[in-house]
Structures are given as structure tokens and as C-alpha cells.
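Here's a quick walk through one structure, from a strand and its partners to the packing inside and the ligand. Have the sequence open as you read.

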Amino acid sequence: MALGQSESFTSVNSRAECKLPSLEGRRAAFGVEPFRPRRGSCAGSSRASHVGSRFASRLHAGPPAAPRAPPAMAAADVSLLDVAAAPRTFSRRPRAQAGQQAKATKRKYRASSEAPPAKRRNETSFLPAKKTSVKETPRTFKGNTQKTFSPKKYSVSTNDRNQEDKRCIKTSSLFKNNPEIPELHRPVVKQVQEKVFTSAAFHELGLHPHLISTINTVLKMSSMTRVQKQTIPALLEGRDALVRSQTGSGKTLAYCIPVVQSLQAMQSKIQRSDGPYALVLVPTRELALQSFDTVQKLLKPFTWIVPGVLMGGEKRKSEKARLRKGINILISTPGRLVDHIKSTKNIHFSRIRWLVFDEADRILDLGFEKDITIILNAINAECQERQNVLLSATLTEGVTRLADISLHSPVTISVLDESHDQFNPKGKVAQEVSHPQTGDELDSFAIPERLDQHVTLVPSKLRLVSLAAFILQKCKFEKDQKMIVFFSSCELVEFHYNLFLQTLLSSSGTPALGQLPSASTRLKFLRLHGNMEQEERTAVFQEFSHSKRGVLLCTDVAARGLDLPQVTWIVQYNAPSSPAEYIHRIGRTARIGCHGSSLLILAPSEAEYVNSLASHKINVSEIKMEDILSVLTRDDCFKGRRWGNQKSHAVGPQEIRERATVLQTIFEDYVHSSEKRVSWAKQALQSFIRAYATYPRELKHIFHVRSLHLGHVAKSFGLRDAPQNLSVSAIKKRKANPKRPDLHKKMRSKHHLAEILRSEYSSGMEASVAKVKKQNKHKEPGRQPLQLGLQPAPCLGRGKKLRNREKPRKTSRKVF
Ligand SMILES: Nc1ncnc2c1ncn2[C@@H]1O[C@H](COP(=O)(O)OP(=O)(O)OP(=O)(O)O)[C@@H](O)[C@H]1O
């Protein structure tokens with residue numbers, strides 16, 4: 001570990017010669033006298049050794065304090081943890097020496113680009129001073145020089161302070177120089193809601209008896225959902241349809257049942273070798289597998305109809321073989337299908353009767369226009385007569401444009417509740433219009449009735465500990481919780497997955513006093529993103545689907561359509577790029593009438609996003625960060641040594657802060673335990689900034705890289721300092737000067753981004769991808785797993801038919 005002037009370390013074991021006073025004394029007010037253990041005595045040896053607790057082993061002091069503070073106050077941004085109960089004494093540094101040290105520290109940070117800007121340096125701690133001063137003993141926290149948490153610091157007697165000094169160690173502070181958390185004045189809006197179920201039964205639809213009994217016995221469903229009740233009859237009549245209904249309302253069956261019913265009823269019995277009669281396009285591989293599974297179940301009594309799935313990441317050769325044998329209901333991701341259209345002779349569409357776009361808006365969002373054009377042209381060239389269906393929980397402009405070119409006098413089905421219909425007379429359940437909803441209706445999305453949405457404002461420095469605390473609260477201390485945490489890139493998922501695996505899991509080995517006996521076994525982490533091998537992706541998807549508990553860290557690859565049963569919490573660690581994405585992410589819980597909750601984590605500077613959500617009729621209620629962090633007091637793994645064996649009755653903000661600091665130290669220690677890990681964390685940070693820079697224009701006033709404090713953000717990656725080469729000003733400079741010789745690099749990185757965005761949906765056939773993935777497989781996690789930018793030929797271009805109609809959406813910012 002690097003020991004800079006801003007860092008001071010002590011440890012329990014290293015202070016064998018030091019004597020600690022009684023517990024009572026330790027809880028007394030802390031002194032303001034500068035304290036610095038002499039090298040070679042307490043502090044000197046402590047730098048090389050451990051605290052004894054595996055968590056508080058190397059405690060670290062962060063960035064500097066306010067420059068205007070007197071030397072004794074100009075210390076690094078430090079907080080304090082009381083250390084072991086073992087008797088000890090501290091050697092003390094003379095005051096003059098401490099003063100010099102403080103000046104030196106000040107000079108260092110003046111020169112450093114990593115010092116917080118003056119504005120921020122003067123900002124107050126997130127926990128208001130009055131709160132802390134009411135319940136807590138005022139105390140002073142020292143780094144190389146000292147620093148205090150409490151406004152009462154000067155009122156404490158020097159004697160007491162001196163006593164207290166001797167029992168304190170310093171660590172990097174999470175609670176200083178944070179931006180103030182604003183009051184959240186969220187407008188309360190009336191959310192658009194749908195009723196999920198109807199009393200109508202499937203047998204009322206006039207389906208084949210075997211199909212009805214399969215629905216009843218295999219799928220164990222008897223009554224229809226509203227979207228099914230409206231969609232199935234319309235499709236059975238032979239209409240095209242544009243279907244919008246909330247997440248988890250049963251849209252898959254709404255199209256699968258009519259497809260199966262119509263194909264089994266065809267007069268000339270379908271032969272496998274006929275090839276596809278129905279084509280279902282979905283944006284992700286997992287969704288392809290899921291839809292395939294549903295179709296397969298429905299086809300149980302109709303064994304002569306063969307379903308099949310094509311998706312990136314699978315072996316091309318075996319897919320070709322299956323195509324040659326014949327697939328009658330073909331489910332595919334667009335990229336993979338285009339590959340087969342281009343390279344497989346055995347694929348033809350002359351018998352296509354059904355074309356279904358599930359999650360239609362997402363398919364366009366991801367820049368698949370070109371692929372969709374190729375597919376439509378290929379089908380149109382061979383057959384004109386077919387039924388077309390577009391479905392999504394979120395109808396965006398893009399979908400209505402796709403509807404224009406692919407649907408013929410469609411019926412529009414939008415399931416909204418009666419109260420919403422009153423305000424929007426157009427929003428009737430089924431309309432005979434080709435342009436369904438506009439304006440307000442397009443902007444507001446139905447939210448599952450039993451979904452509780454929350455938001456929390458967390459300063460950048462505290463993001464990581466807050467997320468970890470929330471995970472612990474739900475998944476360690478509560479029973480049978482299943483949580484999905486969304487991140488904005490593969491690297492972020494990998495980083496947090498490995499970090500939590502190595503820290504939270506290992507730190508919860510033995511249940512401590514007061515913990516639930518099974519608490520330590522409750523935590524289970526999984527991860528899912530587009531840069532994983534398909535085999536592993538499928539395994540994770542299956543495992544999480546069947547699991548009763550666990551935390552799935554993922555990118556937006558899991559945001560759409562996935563039906564993962566019994567998910568209780570959705571956490572959005574990185575805010576989504578559009579309200580539609582927000583809706584789909586939270587829609588992984590509270591499905592089909594179940595209960596569920598969601599939490600959106602925002603920085604104070606992003607508070608305005610709540611209003612943006614409100615403008616789309618999305619209501620969120622606030623959870624205070626302090627309440628999230630307070631769970632750490634239930635977990636003795638994160639006990640500050642000061643609390644020793646005592647049972648703390650009143651859990652004050654100070655204890656919460658100390659425990660949060662211990663947890664942060666665990667993360668920092670892990671990250672800084674090797675150079676590889678530091679560079680891995682830096683790459684994750686870089687990835688975060690890259691993703692942050694790609695929020696769409698309409699959200700730039702909320703999410704702008706300029707508003708990021710890199711030093712603080714770095715902390716949320718377990719980094720003690722912001723990497724030098726990551727300054728925001730450097731990013732701005734590059735953007736501002738188009739004549740820079742590195743412009744082509746920028747363009748290249750744009751292509752790189754486009755490639756990454758598409759990677760999730762790529763056919764998986766590119767040799768270079770396979771090669772890179774193979775290489776990455778053998779590397780340490782985080783060592784640039786995301787090399788998909790090396791793929792050839794970016795493809796955000798527009799297809800013939802879509803040209804001048806559909807602009808690629810800039811919301812495709814996610815690095816899946
Ligand atoms: N009539 C029904 N009765 C009971 N359960 C149903 C019924 N129809 C569908 N389901 C179940 O509801 C869940 C959600 O269905 P589905 O995945 O089709 O929702 P969706 O509307 O497509 O959601 P999303 O918009 O997120 O893709 C599935 O587990 C499905 O099996």
C-alpha cells in the first residue's frame with residue numbers, strides 16, 4: 001500500500017507497547033491536539049502490520065480537508081475508528097512537528113489535481129452536524145494532522161481529547177466533503193395502471209381442446225390476463241396487431257397461443273421440412289430461450305410442429321443443421337438471423353404466416369434497423385401474406401414507425417385502467433387505428449400495481465457501501481429475497497461481482513451474535529452480461545430462474561422480457577438512459593400481479609431525475625441513505641473496534657459511519673491488495689465514466705460527466721485516489737477540439753461503442769470475437785474483458801426501407 005502524506009495507519013497488533021485506557025475513557029470526547037505516532041513505534045510498525053481484525057487491517061486516510069482550516073485541522077479527509085481493547089500507549093508527536101506535517105499535507109493537495117474543488121471542500125458532511133452532535137460525544141479525528149466530525153470539537157477539554165487520541169486510528173473518510181443531499185420535492189403523480197387478470201377462461205376462446213388442456217395442465221393457467229383476452233381473439237381473426245401492456249402481464253402467451261392454434265389447424269398438415277411458418281424476433285438470447293420454452297410447452301400435443309431457436313453464441317454449424325432439417329416456429333435474435341440469411345442456403349421464408357417482434361422498441365433502440373430491413377426484405381421477397389405482431393410494454397416513436405412499415409391495418413391493443421381511460425379517451429382497449437397513441441400516452445407507461453418504487457440519494461463516495469449495505473439488508477438479513485442489480489456496463493458488473501464475492505461473502509463466514517443463524521449462507525451472487533460465454537450465460541439464467549434467493553448483478557441484457565420468478569427487489573445502481581428502460585428494469589419484479597419493490601440509486605446532483613420520471617407518470621418514494629447504511633449495525637463483521645464487546649443499545653449515526661468506513665476499508669484493501677486489482681478497478685471506473693458520457697441529450701443536464709467528482713467516484717470503486725489520466729477536463733478538451741490529431745481515435749471509439757452496444761445481439765459468429773473471448777477467459781476478471789470493440793464493421797446504419805424514417809436512437813448507451 002502506498003503511504004502518502006494523506007495516509008496514516010495504525011494497527012492494534014503493531015501497538016504492543018501502547019496502552020489503551022478504559023472503554024469509558026475511549027468513549028469520552030476526543031482531543032484536538034495533533035497526534036502522530038512516532039515512526040518505529042506505534043505508527044511506524046503499524047504500517048506494515050495488520051489490525052488483528054481482518055477488516056480494519058489497513059486503515060487509510062483520504063483526500064485533504066478544507067484549506068482554510070488551521071494547520072491542526074488541515075488534515076486529510078479522515079475519520080476514525082477506535083482500535084483494539086488491548087492495553088497500549090501511544091508515542092506522541094510534538095505539536096510543532098504535527099503542524100509542519102499538516103502544512104506539508106496542505107501543500108501536497110494544493111498541487112494535486114485530485115484535491116476536491118474549493119467549492120466541494122467547503123461542503124458539509126452528509127449527516128448534518130446537528131444530528132451527530134445531539135447523540136454523539138464530540139470527537140476529533142486525526143490523520144497526519146487532525147480533523148473533527150463534530151462542531152463541538154473545541155469545547156472538549158484537552159485532557160479528554162488527549163486521552164481519546166490514544167485510542168483512535170484513522171481511515172479514509174466517506175463522510176467529509178460530500179455534496180449536500182437535497183430535499184427531494186418529488187411531484188406526486190397518478191401512475192398509469194392496468195388490471196392484470198380477467199375472469200374469462202381460455203376455453204372461451206374456441207381453441208383446440210388439446211391446446212386448452214395444455215394451458216390448464218402444463219402451464220397451470222385457467223383465466224386470461226387482460227392483454228390476452230384482447231389480443232388472442234384479434235389475432236385469431238387474422239388481424240395484425242400492435243400490443244402494449246405492462247411488464248409481466250402475459251404478452252408472450254398473447255401471441256404464442258394464436259400462433260400455435262392457427263398452425264395446428266392448417267388444412268395441409270405442417271411438415272418439418274416446410275421450414276418456418278412463424279418467425280419471432282426478440283432482442284436477447286435469454287429472451288429467445290424463454291420464448292422457445294413457452295412455445296415448446298404449448299406444442300406438446302402437436303408434435304409435428306417443430307420449434308427452434310437461433311441466437312448468437314451458439315454453434316453456427318449445429319444451427320445450420322437444424323435449419324436444414326426444418327424449424328416451423330423459428331425464434332431468433334435479429335443479428336443471428338441476418339447471418340443465416342446471408343450465409344445459410346437452407347433458410348427460406350416462402351411459408352411464413354406469422355412475423356412477431358417481441359420487445360419491438362428495444363430491437364430498434366439497439367440500432368437493428370439494418371438487420372430488420374434485411375429480414376423484412378428477405379421475407380417480403382418470398383411471401384406477402386402473413387400476420388404481423390409488434391409487442392412491448394413501452395410504445396415509443398420507434399415502434400410506431402416500425403408499425404408503419406410492417407403492419408397492415410393493425411388493431412392497437414393498449415391495456416390501461418379505467419381511470420386513465422377517462423383522461424385519455426383514445427386509450428381504449430382496442431382501437432382500429434394505425435397510429436395508436438401519441439404524446440402523453442406514449443410518454444406514460446403502466447406500472448404494475450403492486451410494485452413499490454423507491455429512490456435514494458447517495459453521494460458518490462458512499463455509493464459502493466450503500467449498495468453493499470442494501471444487498472446485505474435484503475439478502476442477508478431477510479428471508480428468501482431475490483434481487484437484480486442493474487449496472488451500465490459489463491465491466492461494472494464484473495468488477496462488482498468479483499468485489500462482492502471476495503469481500504461480502506468472505507466477511508460473512510461465521511454468523512455473529514445477533515445475526516440470523518442462516519444469515520451467512522443467504523448471500524449468493526450471480527452475474528449476467530453480454531460479454532460472457534453463452535454457455536455460462538444460459539447456466540446463470542437458469543440458476544437464477546430456479547433459485548429462491550440470490551443477487552443477480554447484470555447489465556440491461558436482463559432488462560427486457562425476462563421472466564425470472566419471485567424477484568423481490570430491483571436495484572438500479574446506474575440510472576437508466578430512458579424512462580422506457582426504467583420501466584423494463586423494474587418490470588422484472590411484481591410480475592403477473594405479484595408484489596415487488598425497486599430502488600433507484602442517484603447521486604445528489606442527479607436528484608432532478610425524479611422529476612423526469614414524474615413527467616412520465618412514474619412515482620418514487622425516498623429511502624434515506626442513513627436508513628440503508630444502518631443495517632451495518634446488525635452485522636458485526638463491520639464492527640468498529642471501539643465498540644468492542646459492548647452491546648450498543650443506541651445506534652447513533654457515528655456507529656453507522658464507523659461501520660460504513662470499515663466496510664469501505666474492506667473494499668479498498670481488496671482493491672489495493674495488488675496492482676492488477678487496482679488497474680481492474682480503474683478500468684471499471686473508466687467504463688462507468690464512458691457510460692455516463694453517453695446519456696441522451698435530454699438527460700445531459702442531469703447526468704453530465706462534468707458534474708462528477710472523480711476523486712469521489714473513484715472511492716466507489718475502492719480506489720483511494722482518482723486515476724490521473726481520467727480527469728473530466730481531459731475528456732472535455734478532447735471533445736472541444738475537433739482538430740486534435742486524436743480525432744480519429746475518438747471516431748474509432750465511437751465505432752467501438754457501437755460495436756459494444758451491438759455485442760449483446762451479435763450473431764456470435766465473428767471469429768475475432770471468439771478469439772478475444774477465448775483470450776479473456778484466461779485473464780483475471782476485470783482485465784479488460786470487454787474487448788468486443790475489436791469486432792469488425794460497426795453497424796448502426798439504416799436499412800433501405802427505414803432510411804429517412806428512423807434515426808438510430810442515442811439511448812443505446814448501455815454497454816451490455
Ligand atoms: N393467464 C395467465 N395466468 C397465469 N399466469 C400467466 C398467465 N399468462 C402469463 N402468465 C405468466 O406471467 C408471467 C409473465 O408473462 P410474460 O413473460 O409473457 O409477460 P410480458 O407481458 O411478456 O412481460 P414483459 O413485458 O416483461 O416481457 C409468466 O411467468 C407467465 O407464465
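What follows is a short tour of this predicted model.

**A strand and its partners**

Let's begin with strand S8, which spans residues 278–281. Ala278 and Val280 point to one side of S8, while Leu279 and Leu281 point the other way. In a regular strand, side chains alternate between the two faces of the sheet. On S8, all of these residues are buried.

S8 runs parallel to S10 (residues 329–332), with 4 bridges joining the two. Here valine 280 sits opposite isoleucine 331. S8 also pairs with S11 (residues 354–358), again in the parallel sense and over 4 bridges. In that pairing, alanine 278 has tryptophan 354 as its bridge partner.

**Nonpolar packing**

The largest nonpolar core has 89 residues, and the ones touching the most other members are Val485, Phe500, Leu504 and Leu629. Helix H18 (residues 463–475) is the top contributor to this core, giving 9 residues. Setting aside neighbours within four places in sequence, phenylalanine 500 contacts several residues, including Leu464, Leu467, Ala468, Ile471 and Phe667. Another core of 64 residues lies apart from that one, with Leu235 and Cys554 among its members.

**Around the ligand**

Which residues come nearest to the ligand? Of the 21 around it, they are Gln228, Gly248, Lys251, Thr252 and Asp563.

| Residue | Part of residue | Distance |
|---|---|---|
| Serine 249 | backbone | 3.0 Å |
| Aspartate 563 | side chain | 2.4 Å |
| Arginine 588 | side chain | 2.8 Å |

On its own the ligand has 630 Å² of accessible area, and the protein covers 86% of it.

Note on methods: Residues are numbered from 1 along each chain as its sequence is written. This is a predicted model: local features need pLDDT of at least 70, side-chain atom pairs count only at pLDDT 80 or more; totals for chains, interfaces and linings use all residues. Side-chain values use heavy atoms; hydrogens and water are left out. Buried means under 20% relative accessible area, exposed over 50%, partly exposed in between (1.4 Å probe, protein chains only). Two strands pair if DSSP finds at least two bridges between them. A nonpolar core is a set of buried Ala, Val, Leu, Ile, Met, Phe, Trp, Tyr and Cys residues joined through side-chain atoms within 4.5 Å. Contact means heavy atoms within 4.5 Å. A residue is near a molecule or strand if one of its heavy atoms lies within 4 Å of it. A polar contact is a pair of N or O atoms within 3.5 Å; within protein, one must be able to donate a hydrogen and the other to accept it, and residues adjacent in sequence count only if both atoms are side-chain atoms. Accessible areas come from the Shrake-Rupley method with a 1.4 Å probe; for residues, only the protein chains shown count as cover.
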